[in-house]
Amino acid sequence: AWQVEIEEGLDVLLDGEPPGIEPDRPRITGLGARARMEGNPDPPILSSGHLGWNGLIAERYRHSPAEHHFPALPENTVSVYLGQPVRSVRWSSDGIHEGPTSKGDVTVKASGQPVGWHFDKDVDLFVMRFAPAFLGQVAEENGLDADKVELRPSVDRRDDAVKHIGLAMLAEMEAGGASGRVYGDALATALATHLLRNYGTSPQA
């Protein structure tokens, strides 16, 4: 079912425009030095780290029900929920969110904020995190002030563009990077552009 959604959904990303990559864009690879998100209670069951995608690490996690606390991280992160319906409680400096989490829900977390969460059942999460320099680079290419750009946090939102990009990344990771690094870079750029357009708070330059 996920594969059908990937194939049907990728043609609507970024209002139908294919994601582009600047050929002379410097590669940002420092994020890959960390094999897992700091503070995560479990190692990822799958990671894009060895694929060398520019400015982004994608990881799939499965967690048992528990309460977990995460330190403030320098990266902005976005996740797609892949598992069974659960009840969740999540908290950060923006407040407490409590309610149902369903397959396909998208959560955006801003950098620099400690967070915590509790789920009542096993969960399956696909987490994508951006190197700050990469997000700033894409912001400048979209006419935004890279020194001021921020993402607005959002919890359990339906966002088909993020879901389809995330599922395409996951499929590419499961295939061992068969489509090549350029394809992964294009997905990372498409995701960053969509997040800046729809969750960004920086004024136009």
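**Close-up 1. Aromatic pairs.** Two aromatic pairs turn up here, counting rings of Phe, Tyr and Trp (its six-membered ring) whose centres lie within 6.5 Å, with planes under 30 degrees apart called stacked, over 60 edge-to-face and the rest tilted. Trp 117 and Phe 119 make a tilted pair, since their ring centres sit 5.0 Å apart with the planes at 50°. Both Trp 117 and Phe 119 are buried (under 20% relative accessible area; exposed is over 50%, partly exposed in between, with a 1.4 Å probe and protein chains only). Phe 130 and Phe 134 are stacked instead, at 6.1 Å centre to centre and 5° between the planes. Phe 130 and Phe 134 are buried as well.

This is a predicted model: local features need pLDDT of at least 70, side-chain atom pairs count only at pLDDT 80 or more, and totals for chains, interfaces and linings use all residues. Residues are numbered from 1 along each chain as its sequence is written, and side-chain values use heavy atoms, leaving out hydrogens and water.

**Close-up 2. Around Val 78.** Val 78 belongs to strand S4 (residues 76-81); helices (H or I, at least four residues) and strands (E, at least two) are DSSP runs, numbered from the N terminus. Val 78 is buried, at 1% relative accessible area. Its contacts (heavy atoms within 4.5 Å) include Val 106, Phe 126, Phe 130, Val 162 and Leu 191, leaving aside residues up to four places away in sequence.

**Close-up 3. Helix H2.** Buried residues of H2 (residues 132-141) include Phe 134, Leu 135 and Val 138. The buried residues of H2 pack against S4, strand S9 (123-130) and helix H4 (181-199). After H2 comes Gly 143, with a positive phi near 75°.
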